[in-house]
Amino acid sequence: MTIGSQKPTNSERVQKLQAALRAKAKDELRFRFYALFDKIYRADVLAVAYERCRKNAGKPGVDGQSFEQIAEYGVEKWLGELAEEL
């Protein structure tokens with residue numbers, strides 16, 4: 001939660017996005033989300049996804065990179081490049 005002038009964390013921002021999407025889907029059953037892709041490559045969404053995968057002991061993906069390799073390369077740099085590719 002934000003207190004005073006503190007910025008919300010990535011996790012809080014992603015939770016807010018998820019809550020808004022969930023509410024829209026429940027309130028308007030016929031509504032179709034045609035433009036969600038721009039939400040996928042948001043820096044906060046990618047950072048939260050990365051942390052969740054890392055904490056769940058995720059395995060290397062199709063690129064074969066491990067979390068150790070990504071950490072050596074630089075997580076922020078790696079996530080930025082991933083966002084660009086997406």
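Author: Angles under 35 degrees count as roughly parallel, over 145 as roughly antiparallel, 65 to 115 as roughly perpendicular and the rest as oblique. This is a predicted model, where local features need pLDDT of at least 70, side-chain atom pairs count only at pLDDT 80 or more, and totals for chains, interfaces and linings use all residues. Residues are numbered from 1 along each chain as its sequence is written, and side-chain values use heavy atoms, with hydrogens and water left out.

Reader: How do the axes of helix H1 and H3 cross?

Author: Two packed helices are described by the angle between their axes and the distance between the axes. Axes are lines fitted to C-alpha atoms, for helices over the stretch in contact, and angles run from 0 to 180 degrees between N-to-C directions. Here the axes of H1 (residues 10-27) and H3 cross at roughly 110° and come within 9 Å. H1 and H3 are therefore roughly perpendicular to each other.

Reader: Is valine 45 buried or exposed?

Author: Buried means under 20% relative accessible area, exposed over 50%, and partly exposed in between (1.4 Å probe, protein chains only). Valine 45 counts as buried because its relative accessibility is 18%. Valine 45 lies in helix H3, residues 43-55; helices are DSSP runs (H or I, at least four residues), numbered from the N terminus. Leaving aside neighbours within four places in sequence, valine 45 touches Val14, Leu17, Lys39 and Ile40.

Reader: What does phenylalanine 37 count as?

Author: Phenylalanine 37, in helix H2 (residues 37-40), counts as partly exposed, at 44% relative accessibility.

Terms used
Helix = DSSP H or I, 4+ residues; strand = E, 2+ residues; numbered from the N terminus. Contact = heavy atoms within 4.5 Å.
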